[in-house]
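I opened this notebook to record what I looked up in the structure shown below. The entries follow the order of my reading.

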Amino acid sequence: MSSSPGPSYPHEDLLAHLTRTSPLGPREAARVVAEVLAYFSETTEEYVRRRHGELQARGLTNEKIFARLAEELPARRVAAPGLSARQLRRIVYG
């Protein structure tokens, strides 16, 4: 019985696809994949804190920020549970 070795990189097929279909080289493609995976690996709490800071820097009020976060969370890669404005505030301010 012959067994084929596993991929040397967990997303080797994706990297091959990106280098075939884009101007990215292997290292650039690996960096892009790593960045995308890191972005989508954020916990709900990390995402809420990061987005709160971004939206606050744009001058939005907490009322608008929390409403927007409540709309954005279900569209995340792993849908977050529905959170009230109070729950969102507790994540941000403890």
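At what angle do the axes of H4 and H5 cross, and within what distance do they come? I found that the two axes come within 10 Å and cross at roughly 105 degrees. H4 is therefore roughly perpendicular to H5, since angles of 65 to 115 degrees count as roughly perpendicular. Axes here are lines fitted to C-alpha atoms, for helices over the stretch in contact, with angles from 0 to 180 degrees between N-to-C directions. Asn62, Phe66, Leu69 and Ala70 of H4 make the contact with Ala85, Leu88, Arg89, Val92 and Tyr93 of H5; contact means heavy atoms within 4.5 Å. I noted seven nonpolar residues, one polar and one charged in the contact of H4 with H5.

Basis of the entries. I noted that this is a predicted model, in which local features need pLDDT of at least 70, side-chain atom pairs count only at pLDDT 80 or more, and totals for chains, interfaces and linings use all residues. Residues are numbered from 1 along each chain as its sequence is written, and side-chain values use heavy atoms, with hydrogens and water left out.

Overall. I recorded five helices and zero strands for the protein, in the pattern α-α-α-α-α along the sequence. Helices (H or I, at least four residues) and strands (E, at least two) are DSSP runs numbered from the N terminus. Of the 94 residues in the protein, 20% are buried, that is, under 20% relative accessible area with a 1.4 Å probe and protein chains only.

H3 with H5. I then turned to this second pair, whose axes come within 9 Å and cross at roughly 85 degrees. H3 and H5 are therefore roughly perpendicular to each other. On the H3 side I listed Glu45, Val48, Arg49, His52 and Gln56, and on the H5 side Leu88, Ile91, Val92 and Tyr93. The contact of H3 with H5 has five nonpolar, two polar and two charged residues.

Core. The largest nonpolar core has 10 residues, among them Val48, Phe66, Leu69, Leu88 and Ile91. Such a core is a set of buried Ala, Val, Leu, Ile, Met, Phe, Trp, Tyr and Cys residues joined through side-chain atoms within 4.5 Å. H3, H4 and H5 each supply at least two residues of this core.

Phenylalanine 66. I located phenylalanine 66 in helix H4. Phenylalanine 66 has a relative accessible area of 3% and is therefore buried. Its C-alpha atom is separated by 9.0 Å from that of valine 48, 18 residues apart along the chain. Not counting residues up to four places away in sequence, phenylalanine 66 touches His52, Ala85, Leu88, Arg89, Val92 and Tyr93.

Histidine 52. I found histidine 52 in helix H3 (residues 44–57). Histidine 52 counts as buried because its relative accessibility is 3%. The side chains of histidine 52 and asparagine 62 are joined by a polar contact of 2.8 Å.

Arginine 76. I looked next at the loop between helix H4 (62–72) and helix H5 (85–93), where arginine 76 lies. Is arginine 76 buried or exposed? Arginine 76 counts as buried because its relative accessibility is 13%. The side chain of arginine 76 reaches the backbone oxygen of tyrosine 39 at 3.3 Å. Not counting residues up to four places away in sequence, arginine 76 touches Tyr39, Phe40, Glu42, Tyr47 and Arg50.

Conventions: Buried < 20%, exposed > 50% of the residue type's maximum accessible area, 1.4 Å probe, protein only. Polar contact = N/O pair within 3.5 Å; in protein donor to acceptor, adjacent residues only side chain to side chain. Parallel < 35°, antiparallel > 145°, perpendicular 65-115°, else oblique. Nonpolar A, V, L, I, M, F, W, Y, C, P; charged D, E, K, R; others polar.
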